[in-house]
Amino acid sequence: MESFDLLHRKWIERALELLQPARSRTSLLLYKEPPFLGVSLEENVFLVLLLFRKKQKETMIEGKKLLSQLLAFQNKDTRARDFGSFPVDITEFPQCNDRTLGARLAFFLEIIVKDFGLVLGKELSEKIAEANQLLFSYIKRNWEEVSWGEVERLYVELLLPELERKSCNFLPDPSSLGKMVAATDYFPDYPLKKKLLEQAVLFWDEKSHKYCGPACGLYQQGVQPVCTLLDCWMGLHVKH
């Protein structure tokens, strides 16, 4: 049986291979699905993370160049309501139409710093620190006004623990639950981690190694359910 590290490397290589046709040869940006008219900023940040995690000199340089380009699309107009945030699509710049996007971007920028801070270099590290400082300020200004999704709310809690959690009735789905338990790996001191993991185990069937919670956000791939991040995480961490 192949080791997890080998499977992880193969997955990254395959993902980059599938994304390559949608990338610009000049700007390195990842365009949306055909007809390739838009450029999702969030998807490009994920691409940066993939490039870094391949852990080759060429992909590291490529990831740093792309990330530097993406950071330039942060709204820095102090008079704007969206000051500090990013557009959903860079063609919409400087408009920022998703007020929860900042939490997702801030979280993944933090992950890039945690995992690859030593190779970012001083200039790019300072750019990321400035970007997240502005994002944190934006999140704080909108904390009481925005209807945050549960995943984004967790990201904010992890990054900005001084903000009080807004009450909500959360119906877990495998996609959201997977993102949440995976996120806490980077923040082992998160006070509600144990409770979150207990909830994940509650909706996990040890015999079939599958999510067995409410039928919410479930998708099929042929006759099989789509494998989710929760399936991967629980498969690695839960003893059978």
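Helix H5 (residues 122-142) comprises 21 residues and spans 30 Å from its first C-alpha to its last, close to the expected 30 Å, the expectation being 1.5 Å times one less than the number of residues. The structure is a predicted model, in which local features need pLDDT of at least 70 and side-chain atom pairs count only at pLDDT 80 or more, while totals for chains, interfaces and linings use all residues. Residues are numbered from 1 along each chain as its sequence is written, and side-chain values use heavy atoms, with hydrogens and water left out.

The protein chain contains nine helices and four strands, taken as DSSP runs numbered from the N terminus (helices: H or I, at least four residues; strands: E, at least two). Their order along the sequence is α-α-α-α-α-α-α-α-β-β-β-β-α. Of the 240 residues in the chain, 44% are buried, meaning under 20% relative accessible area with a 1.4 Å probe and protein chains only. Among contacts (heavy atoms within 4.5 Å) with a separation of 6 or more, 57% are between residues 24 or more positions apart.

In H5, the buried residues are Leu-124, Ile-128, Ala-131, Asn-132, Leu-134, Leu-135, Phe-136, Tyr-138, Ile-139 and Asn-142. Their cover includes helices H3 (57-71), H4 (101-120) and H6 (150-159).

The largest nonpolar core has 62 residues, and those with the most contacts inside it are Leu-67, Leu-71, Phe-107 and Val-156. H4 contributes the most to this core, with eleven residues. Such a core is a set of buried Ala, Val, Leu, Ile, Met, Phe, Trp, Tyr and Cys residues joined through side-chain atoms within 4.5 Å. Leaving aside residues up to four places away in sequence, Val-156 touches Ala-103, Ile-139, Trp-143, Trp-148, Pro-161 and Leu-163.

One cavity of 30 Å³ or more is present. On a 1 Å grid over the protein atoms alone, a cavity is a set of points where a 1.4 Å probe fits but cannot get out, and lining residues have an atom within 4 Å of a point. Grid points are joined across faces, edges and corners, and the volume is the space filled by probe spheres set on the points. The largest cavity holds about 30 Å³ of space and is lined by Leu-41, Val-45, Leu-67, Leu-70, Leu-71, Phe-86, Leu-105 and Leu-109. Helix H2 (41-53), H3 and H4 each give two or more residues to this lining, with the largest share, three residues, coming from H3. The lining comprises eight nonpolar, no polar and no charged residues, where Ala, Val, Leu, Ile, Met, Phe, Trp, Tyr, Cys and Pro count as nonpolar, Asp, Glu, Lys and Arg as charged, and the others, Gly among them, as polar.

Terms used
Buried means under 20% relative accessible area, exposed over 50%, partly exposed in between (1.4 Å probe, protein chains only). On a 1 Å grid over the protein atoms alone, a cavity is a set of points where a 1.4 Å probe fits but cannot get out, and a pocket is an open set with protein on both sides within 12 Å along at least five of seven lines; lining residues have an atom within 4 Å of a point.
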